Amino acid sequence: MKGYLTIITLVVIIVTANIDILCPRDRGRDFGDVLEEQMNLCSVVYYTDSNFGFKVPYPALFIPDKSIPDSVIGCSRFSYDNVIHMAIDCYVCRNEGYSDADGGISWLAEKMRAEVIEDKGDVFLHGPLTEDGGRVDGYSHFTKCVAKDKLWVIYSLTYPDMYADRLLRLFSMVRTWQPWEKGTTP
C-alpha cells in the first residue's frame, strides 16, 4: 500500500510540474488585436452641439466627459480609458487676427506643434500631443479643422502612438467628418 501511495504522489508531482506542457494556459490575445476589434465592431453614437449645431460621431465605447463646465460653449470631449487613454475632442475657436483661413491654420499648427496636411480641400493637423508647452511622450493627435466664417470647428483624436495602425476606423471618422449635414450650416 505504501508503494502505491508513493507512485501516486510521484505521478501527481510530475503532472503538476508539467501542467503547462500538457495543458498550455491561454496567454490571452494581444491588446492591439482586441482594441482594433473593439473599435471596428462598436456602434457609432452622435452628439449634436446645442449652440453651434455641429454633429460629432464617436464610438460607443467612448464616454462623454461631464467635467467640462456649462459655461464653456461649443466644446465636447469623449474619452476611452481602459488600458490606454484616448480622447475625441470637438470645439470651436475663433480665427482671431487673421483675415484668411490659411493664416489661422498656420497659427493653430504652430500652437499645436503640428504639421498641416491638405487633402481634397480638407485641412488636417497631425503631430505630437503637447500639454502645458511640453510633449506628452507616446501620444499624438490627428485633427480636422473646418473653417466657418471667423470660426474654426475642430475635431481631434488623441491616441497612443503604439496603436496608431490599429485605429484606422477612428482616423477615417476624423477624415470624413462633416460638422453639418449639407444644407444645415447655421
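The points below go through the predicted model from its confidence to its helices, cores, sheet and loops.

1. Basis. This is a predicted model in which local features need pLDDT of at least 70 and side-chain atom pairs count only at pLDDT 80 or more, while totals for chains, interfaces and linings use all residues. Residues are numbered from 1 along each chain as its sequence is written, and side-chain values use heavy atoms, with hydrogens and water left out.

2. Confidence. The protein has a mean pLDDT of 84, and 87% of its residues reach 70 or more; pLDDT is the predictor's confidence in each residue, from 0 to 100. The lowest confidence is in helix α2 (residues 19–22), with a mean of 65, and the highest is in α5, at 96. Helices (H or I, at least four residues) and strands (E, at least two) are DSSP runs, numbered from the N terminus. Where pLDDT is low, the predicted coordinates should not be read in detail.

3. Helix α3. Which residues of α3 are buried? In this helix, residues 31–41, they are Phe-31, Gly-32, Leu-35 and Met-39. Buried means under 20% relative accessible area, exposed over 50%, and partly exposed in between (1.4 Å probe, protein chains only). Viewed down the axis of α3, the buried residues fall within an arc of 100°, so they line one face of the helix. That arc is taken from the directions from the helix axis to the C-beta atoms. An α-helix has 3.6 residues a turn, so residues three or four places apart point the same way.

4. The C-alpha atoms of Asn-40 and Pro-59 are 9.1 Å apart, although the two residues are separated by 19 residues in sequence.

5. Nonpolar cores. The largest nonpolar core has 29 residues, and Leu-35, Phe-62, Met-86 and Leu-167 have the most contacts inside it. Two or more of its residues come from each of α3, β2, β4, β5, β8 (134–148), β9 (151–160) and α5. Apart from it lies another core, of 11 residues, among them Ile-105, Val-123, Cys-145 and Ile-154. A nonpolar core here is a set of buried Ala, Val, Leu, Ile, Met, Phe, Trp, Tyr and Cys residues joined through side-chain atoms within 4.5 Å.

6. Contact means heavy atoms within 4.5 Å. Leaving aside neighbours within four places in sequence, Leu-35 is in contact with Tyr-80, Ile-84, Met-86, Tyr-163 and Leu-167. Ser-79, in strand β4, counts as buried at 15% relative accessibility. Not counting residues up to four places away in sequence, Ser-79 touches Leu-61, Phe-62, Ile-63, Met-86 and Ala-87.

7. The sheet. Seven strands form an open sheet in the order β3-β4-β5-β9-β8-β7-β6, with antiparallel pairing. Its edge strands, β3 (63–64) and β6 (115–119), each pair on one side only. Two strands pair if DSSP finds at least two bridges between them. Between β6 and strand β7 (residues 122–131), which run antiparallel, there are five bridges. In these, Ile-117 has Phe-124 of β7 as its bridge partner, and Glu-118 has Val-123.

8. Positive phi values. Where does Lys-120 sit? Lys-120 is in the loop between β6 and β7, a hairpin with two residues between its strands. Its phi is near 55°, a positive value in a residue other than glycine, and Lys-120 is exposed, with a relative accessible area of 81%. Arg-113, likewise not a glycine, has a positive phi of about 55°. Arg-113 belongs to the loop between α4 (101–112) and β6 and counts as partly exposed at 47% relative accessibility.

9. The loop between β3 and β4. Ile-68 is found in this loop and, at 22% relative accessibility, counts as partly exposed. Neighbours within four places in sequence aside, Ile-68 is in contact with Cys-75, Ser-76 and Arg-77.
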